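Reader: I am new to this structure. Please show it to me, and then let me ask how you know what you say.

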Amino acid sequence: MLLLWTVGCFNRLVARHFSSVARPGERPGGEELSRLLLDDLAPAQRLERLFGVSPCLLALRAARRHVARLLLQAGKAGLQGERAELLRVAEARGIPVLRPRRQKLDALCGYQVHQGVCMEVSRLRPRPCDEAADTSSGDDPQQLWLVLEGIQDPRNLGAVMRSAYFLGVDRVITSRRNSCPLTPVVSKASAGAMEVMDVFASPDLASFLQAKAQQGWLVVGTVGCPGPEISQSSKVPVTSCLEFIWDRPTLLVLGNEGSGLSQGVFATCQLLLTILPGRHLPPGLESLNVSVATGILLHSICSQKKGFPVQERGQRLQDS
(Lines give C-alpha, C1' and ligand atoms only; values in the text may rest on other atoms or scores of the structure.)
Protein backbone atom coordinates (compact mmCIF):
# COMPACT_ATOMS: atom_id res chain seq x y z
CA MET A 1 0.00 0.00 0.00
CA LEU A 2 2.79 2.40 0.87
CA LEU A 3 4.50 1.64 -2.44
CA LEU A 4 1.31 2.31 -4.43
CA TRP A 5 0.73 5.64 -2.57
CA THR A 6 4.34 6.73 -3.30
CA VAL A 7 4.05 5.89 -7.01
CA GLY A 8 0.74 7.80 -7.22
CA CYS A 9 2.26 10.94 -5.66
CA PHE A 10 5.21 10.76 -8.06
CA ASN A 11 2.92 10.44 -11.09
CA ARG A 12 0.88 13.47 -10.00
CA LEU A 13 4.03 15.57 -9.57
CA VAL A 14 5.28 14.60 -13.06
CA ALA A 15 1.89 15.41 -14.61
CA ARG A 16 1.78 18.77 -12.89
CA HIS A 17 5.27 19.61 -14.14
CA PHE A 18 4.56 18.83 -17.79
CA SER A 19 1.16 20.51 -17.75
CA SER A 20 2.84 23.78 -16.72
CA VAL A 21 4.92 23.93 -19.93
CA ALA A 22 3.35 26.19 -22.57
CA ARG A 23 2.83 24.60 -25.98
CA PRO A 24 4.01 26.50 -29.09
CA GLY A 25 1.33 28.79 -30.55
CA GLU A 26 -0.89 28.46 -27.50
CA ARG A 27 -3.19 31.37 -26.67
CA PRO A 28 -1.90 33.51 -23.75
CA GLY A 29 -3.60 32.40 -20.56
CA GLY A 30 -4.85 28.98 -19.62
CA GLU A 31 -1.92 26.57 -19.34
CA GLU A 32 0.51 29.30 -20.36
CA LEU A 33 -0.45 31.21 -17.23
CA SER A 34 0.31 28.16 -15.08
CA ARG A 35 4.04 28.61 -15.72
CA LEU A 36 3.95 31.89 -13.78
CA LEU A 37 5.29 31.75 -10.28
CA LEU A 38 3.02 31.43 -7.30
CA ASP A 39 4.54 33.95 -4.95
CA ASP A 40 4.00 35.02 -1.34
CA LEU A 41 4.23 38.62 -2.58
CA ALA A 42 6.18 40.38 0.12
CA PRO A 43 5.27 44.10 0.00
CA ALA A 44 7.48 46.24 -2.20
CA GLN A 45 8.85 49.40 -0.61
CA ARG A 46 7.94 52.89 -1.91
CA LEU A 47 5.66 51.46 -4.58
CA GLU A 48 1.90 51.58 -4.89
CA ARG A 49 -0.49 49.00 -6.27
CA LEU A 50 -2.45 49.96 -9.34
CA PHE A 51 -5.47 47.72 -9.87
CA GLY A 52 -8.05 47.09 -12.57
CA VAL A 53 -7.65 46.03 -16.19
CA SER A 54 -7.90 49.45 -17.88
CA PRO A 55 -5.66 51.40 -15.45
CA CYS A 56 -2.93 48.75 -15.63
CA LEU A 57 -3.06 48.37 -19.41
CA LEU A 58 -3.08 52.12 -20.04
CA ALA A 59 -0.24 52.61 -17.55
CA LEU A 60 1.82 50.02 -19.42
CA ARG A 61 1.11 51.69 -22.77
CA ALA A 62 1.83 55.22 -21.48
CA ALA A 63 5.10 54.11 -19.85
CA ARG A 64 5.04 57.00 -17.37
CA ARG A 65 5.59 54.74 -14.36
CA HIS A 66 8.26 52.27 -13.38
CA VAL A 67 6.57 48.86 -13.21
CA ALA A 68 8.13 46.44 -10.72
CA ARG A 69 5.84 43.48 -11.39
CA LEU A 70 2.44 42.46 -12.70
CA LEU A 71 0.09 40.25 -10.71
CA LEU A 72 -2.44 38.28 -12.73
CA GLN A 73 -5.25 35.89 -12.02
CA ALA A 74 -7.07 33.77 -14.57
CA GLY A 75 -10.45 32.07 -14.54
CA LYS A 76 -11.28 28.66 -15.96
CA ALA A 77 -11.13 30.07 -19.50
CA GLY A 78 -7.63 31.43 -18.95
CA LEU A 79 -6.54 34.90 -20.06
CA GLN A 80 -8.35 36.56 -22.93
CA GLY A 81 -8.64 40.01 -24.49
CA GLU A 82 -7.02 42.81 -22.50
CA ARG A 83 -5.70 40.45 -19.82
CA ALA A 84 -3.85 38.45 -22.48
CA GLU A 85 -2.45 41.70 -23.86
CA LEU A 86 -1.26 42.68 -20.39
CA LEU A 87 0.69 39.43 -20.18
CA ARG A 88 2.19 39.85 -23.66
CA VAL A 89 3.25 43.46 -23.09
CA ALA A 90 4.73 42.73 -19.66
CA GLU A 91 6.73 39.75 -20.88
CA ALA A 92 7.96 41.71 -23.91
CA ARG A 93 9.25 44.43 -21.59
CA GLY A 94 10.85 41.98 -19.16
CA ILE A 95 8.44 42.81 -16.32
CA PRO A 96 8.09 39.94 -13.83
CA VAL A 97 4.60 38.41 -13.91
CA LEU A 98 3.31 36.53 -10.89
CA ARG A 99 0.17 34.52 -10.20
CA PRO A 100 -1.03 35.32 -6.66
CA ARG A 101 -3.67 33.57 -4.68
CA ARG A 102 -7.06 35.32 -4.75
CA GLN A 103 -7.11 36.04 -1.01
CA LYS A 104 -3.62 37.54 -1.17
CA LEU A 105 -4.48 39.75 -4.14
CA ASP A 106 -7.67 40.95 -2.45
CA ALA A 107 -5.67 42.00 0.60
CA LEU A 108 -2.92 43.67 -1.45
CA CYS A 109 -5.52 45.77 -3.29
CA GLY A 110 -7.29 46.80 -0.09
CA TYR A 111 -10.33 44.70 -1.08
CA GLN A 112 -11.06 47.00 -4.01
CA VAL A 113 -12.54 45.68 -7.26
CA HIS A 114 -9.28 44.67 -8.97
CA GLN A 115 -10.65 42.42 -11.78
CA GLY A 116 -7.82 39.97 -11.14
CA VAL A 117 -5.15 42.47 -12.23
CA CYS A 118 -2.68 44.46 -10.14
CA MET A 119 0.67 46.15 -10.82
CA GLU A 120 3.28 47.36 -8.39
CA VAL A 121 4.33 50.74 -9.79
CA SER A 122 6.04 53.99 -8.94
CA ARG A 123 3.80 56.88 -7.89
CA LEU A 124 2.34 59.23 -10.47
CA ARG A 125 2.44 62.91 -9.53
CA PRO A 126 1.11 66.01 -11.28
CA ARG A 127 3.67 67.95 -13.23
CA PRO A 128 4.59 71.51 -12.11
CA CYS A 129 2.18 74.06 -13.50
CA ASP A 130 4.94 76.03 -15.22
CA GLU A 131 5.46 73.03 -17.51
CA ALA A 132 2.00 73.48 -18.98
CA ALA A 133 2.24 74.87 -22.48
CA ASP A 134 2.28 78.65 -22.37
CA THR A 135 0.06 78.93 -25.44
CA SER A 136 -0.89 82.38 -26.61
CA SER A 137 -4.58 83.11 -27.04
CA GLY A 138 -4.18 83.57 -30.79
CA ASP A 139 -2.97 80.03 -31.54
CA ASP A 140 -6.26 78.20 -30.95
CA PRO A 141 -9.39 80.04 -29.84
CA GLN A 142 -10.98 76.79 -28.66
CA GLN A 143 -8.55 75.56 -26.06
CA LEU A 144 -10.12 74.32 -22.85
CA TRP A 145 -8.30 73.70 -19.61
CA LEU A 146 -10.08 72.29 -16.57
CA VAL A 147 -9.01 73.81 -13.24
CA LEU A 148 -9.90 71.92 -10.05
CA GLU A 149 -9.62 73.58 -6.65
CA GLY A 150 -9.71 71.36 -3.61
CA ILE A 151 -11.37 68.24 -5.05
CA GLN A 152 -10.82 65.76 -2.23
CA ASP A 153 -12.86 62.65 -3.01
CA PRO A 154 -10.73 60.26 -5.14
CA ARG A 155 -13.74 58.82 -6.95
CA ASN A 156 -15.00 62.30 -7.79
CA LEU A 157 -11.57 63.24 -9.12
CA GLY A 158 -11.37 60.06 -11.18
CA ALA A 159 -14.84 60.54 -12.66
CA VAL A 160 -14.01 64.17 -13.51
CA MET A 161 -10.83 63.08 -15.31
CA ARG A 162 -12.69 60.41 -17.24
CA SER A 163 -15.24 62.95 -18.53
CA ALA A 164 -12.52 65.52 -19.27
CA TYR A 165 -10.49 63.07 -21.33
CA PHE A 166 -13.54 61.73 -23.17
CA LEU A 167 -14.81 65.20 -24.10
CA GLY A 168 -11.46 66.57 -25.26
CA VAL A 169 -10.15 68.82 -22.47
CA ASP A 170 -6.58 69.85 -23.23
CA ARG A 171 -5.16 70.14 -19.70
CA VAL A 172 -6.19 69.48 -16.12
CA ILE A 173 -4.80 71.83 -13.45
CA THR A 174 -5.24 71.00 -9.77
CA SER A 175 -4.46 72.93 -6.60
CA ARG A 176 -1.39 71.52 -4.90
CA ARG A 177 -2.89 72.02 -1.44
CA ASN A 178 -6.09 70.42 -0.13
CA SER A 179 -6.51 68.25 -3.21
CA CYS A 180 -6.66 64.50 -3.60
CA PRO A 181 -3.37 63.05 -4.91
CA LEU A 182 -3.22 60.85 -8.01
CA THR A 183 -3.86 57.53 -6.27
CA PRO A 184 -4.77 54.09 -7.65
CA VAL A 185 -8.38 54.70 -6.56
CA VAL A 186 -8.45 57.85 -8.72
CA SER A 187 -7.01 55.90 -11.65
CA LYS A 188 -9.60 53.14 -11.29
CA ALA A 189 -12.46 55.65 -11.06
CA SER A 190 -11.12 57.35 -14.20
CA ALA A 191 -11.03 53.99 -16.06
CA GLY A 192 -7.32 54.67 -16.56
CA ALA A 193 -7.70 58.17 -18.05
CA MET A 194 -5.42 59.47 -15.29
CA GLU A 195 -2.59 57.38 -16.76
CA VAL A 196 -2.65 59.14 -20.14
CA MET A 197 -3.93 62.65 -19.39
CA ASP A 198 -1.81 65.74 -18.86
CA VAL A 199 -2.30 66.73 -15.19
CA PHE A 200 -0.53 69.69 -13.61
CA ALA A 201 -0.57 71.21 -10.12
CA SER A 202 -0.28 74.83 -9.03
CA PRO A 203 0.72 76.04 -5.55
CA ASP A 204 -1.24 79.27 -6.13
CA LEU A 205 -4.28 78.89 -8.36
CA ALA A 206 -5.39 82.51 -8.01
CA SER A 207 -2.05 83.84 -9.32
CA PHE A 208 -2.04 81.25 -12.09
CA LEU A 209 -5.54 82.28 -13.22
CA GLN A 210 -4.66 85.97 -13.11
CA ALA A 211 -1.61 85.33 -15.31
CA LYS A 212 -3.66 83.38 -17.85
CA ALA A 213 -6.32 86.12 -17.93
CA GLN A 214 -3.58 88.64 -18.79
CA GLN A 215 -2.63 86.38 -21.71
CA GLY A 216 -6.16 86.62 -23.08
CA TRP A 217 -7.75 83.52 -21.58
CA LEU A 218 -11.31 83.61 -20.23
CA VAL A 219 -11.57 82.45 -16.61
CA VAL A 220 -14.98 80.85 -16.09
CA GLY A 221 -16.09 79.85 -12.61
CA THR A 222 -19.00 77.62 -11.68
CA VAL A 223 -21.84 78.05 -9.19
CA GLY A 224 -24.94 76.15 -8.20
CA CYS A 225 -28.42 77.54 -8.76
CA PRO A 226 -27.85 81.33 -8.61
CA GLY A 227 -29.55 82.63 -5.48
CA PRO A 228 -29.89 86.17 -4.15
CA GLU A 229 -26.66 85.88 -2.15
CA ILE A 230 -24.65 85.44 -5.37
CA SER A 231 -26.36 88.13 -7.41
CA GLN A 232 -26.08 90.67 -4.60
CA SER A 233 -22.49 89.99 -3.52
CA SER A 234 -20.88 89.47 -6.93
CA LYS A 235 -20.49 91.73 -9.92
CA VAL A 236 -19.48 88.73 -12.05
CA PRO A 237 -22.20 87.85 -14.59
CA VAL A 238 -23.90 84.46 -14.19
CA THR A 239 -25.15 82.59 -17.25
CA SER A 240 -26.58 79.19 -18.06
CA CYS A 241 -24.07 76.72 -19.49
CA LEU A 242 -26.43 76.27 -22.45
CA GLU A 243 -26.04 79.95 -23.37
CA PHE A 244 -22.25 80.08 -23.10
CA ILE A 245 -20.42 80.82 -26.37
CA TRP A 246 -16.94 79.32 -26.61
CA ASP A 247 -14.96 81.69 -28.81
CA ARG A 248 -11.66 82.12 -26.94
CA PRO A 249 -9.25 80.00 -24.88
CA THR A 250 -11.06 79.14 -21.67
CA LEU A 251 -10.24 77.94 -18.16
CA LEU A 252 -13.23 76.22 -16.54
CA VAL A 253 -12.82 76.34 -12.76
CA LEU A 254 -14.59 73.98 -10.35
CA GLY A 255 -14.32 74.10 -6.58
CA ASN A 256 -14.44 71.86 -3.55
CA GLU A 257 -17.32 69.42 -3.15
CA GLY A 258 -18.66 71.26 -0.09
CA SER A 259 -17.34 74.81 -0.01
CA GLY A 260 -16.98 75.54 -3.73
CA LEU A 261 -14.45 78.11 -4.93
CA SER A 262 -12.27 79.98 -2.47
CA GLN A 263 -12.59 83.77 -2.33
CA GLY A 264 -9.24 84.30 -4.02
CA VAL A 265 -10.06 82.04 -6.97
CA PHE A 266 -13.63 83.35 -7.18
CA ALA A 267 -12.26 86.89 -7.51
CA THR A 268 -10.34 85.93 -10.67
CA CYS A 269 -13.45 84.68 -12.50
CA GLN A 270 -14.71 86.81 -15.37
CA LEU A 271 -17.89 84.78 -15.85
CA LEU A 272 -19.87 82.23 -13.83
CA LEU A 273 -21.61 79.24 -15.38
CA THR A 274 -24.53 77.44 -13.79
CA ILE A 275 -26.72 74.45 -14.61
CA LEU A 276 -30.41 75.34 -14.43
CA PRO A 277 -32.65 72.70 -12.82
CA GLY A 278 -35.71 71.24 -14.47
CA ARG A 279 -37.97 71.77 -11.45
CA HIS A 280 -38.28 73.63 -8.16
CA LEU A 281 -35.75 72.14 -5.76
CA PRO A 282 -36.18 71.67 -2.01
CA PRO A 283 -33.35 72.72 0.34
CA GLY A 284 -30.37 70.39 0.14
CA LEU A 285 -30.83 69.50 -3.52
CA GLU A 286 -29.80 72.80 -5.08
CA SER A 287 -26.54 71.43 -6.52
CA LEU A 288 -25.14 68.40 -8.32
CA ASN A 289 -22.25 66.12 -7.48
CA VAL A 290 -19.08 67.75 -8.80
CA SER A 291 -18.32 64.93 -11.24
CA VAL A 292 -21.87 65.00 -12.66
CA ALA A 293 -21.80 68.80 -12.96
CA THR A 294 -18.41 68.62 -14.69
CA GLY A 295 -19.74 66.24 -17.32
CA ILE A 296 -22.73 68.48 -18.08
CA LEU A 297 -20.66 71.68 -18.20
CA LEU A 298 -17.94 70.17 -20.37
CA HIS A 299 -20.40 68.68 -22.82
CA SER A 300 -22.21 72.03 -23.19
CA ILE A 301 -18.87 73.67 -24.04
CA CYS A 302 -17.13 70.94 -26.05
CA SER A 303 -20.15 70.31 -28.27
CA GLN A 304 -19.31 73.72 -29.79
CA LYS A 305 -15.95 72.43 -30.98
CA LYS A 306 -15.29 73.60 -34.52
CA GLY A 307 -14.16 71.20 -37.22
CA PHE A 308 -16.73 68.56 -36.30
CA PRO A 309 -19.73 69.14 -38.62
CA VAL A 310 -23.23 68.13 -37.62
CA GLN A 311 -23.44 65.87 -40.69
CA GLU A 312 -20.35 63.96 -39.55
CA ARG A 313 -21.84 63.54 -36.10
CA GLY A 314 -25.01 62.11 -37.62
CA GLN A 315 -23.05 59.80 -39.90
CA ARG A 316 -21.03 58.48 -36.95
CA LEU A 317 -24.21 57.74 -35.04
CA GLN A 318 -25.63 55.88 -38.05
CA ASP A 319 -22.43 53.91 -38.49
CA SER A 320 -22.40 52.89 -34.83
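**How do you know?**

Author: This is a predicted model. Of the 320 residues in the protein chain, 42% are buried.

Reader: What makes a residue count as buried?

Author: The cut-off is a relative accessible area under 20%. Residues that make up 42% of the chain are buried, so they fall under that cut-off.

Reader: How do you know where confidence is lowest and where it is highest?

Author: pLDDT runs from 0 to 100. Helix 1 (residues 2–19) has the lowest mean, 46. Strand 11 (residues 250–254) has the highest, 97. The chain averages 80, and 74% of the residues score at least 70. Over residues 13–38, pLDDT stays under 50.

Reader: Why is the set around Leu144, Leu252 and Leu273 called a nonpolar core?

Author: A nonpolar core joins buried residues of types such as Leu and Phe through side-chain atoms within 4.5 Å. The largest such core has 33 residues. Leu144, Leu146, Leu148, Leu157, Phe244, Leu252 and Leu273 have the most contacts inside it.

Reader: What does Leu273 touch?

Author: Its partners include Val220, Phe244, Leu252, Leu297 and Ile301. A contact needs heavy atoms within 4.5 Å, so each of these partners meets that limit. Apart from this core lies another, of 19 residues, among them Ala132, Phe208, Leu209 and Leu272.

Technical notes. Residues are numbered from 1 along each chain as its sequence is written. Side-chain values use heavy atoms; hydrogens and water are left out. Buried means under 20% relative accessible area, exposed over 50%, partly exposed in between (1.4 Å probe, protein chains only). pLDDT is the predictor's confidence in each residue, from 0 to 100. Helices (H or I, at least four residues) and strands (E, at least two) are DSSP runs, numbered from the N terminus. Lists of a residue's contacts leave out its neighbours within four places in sequence.
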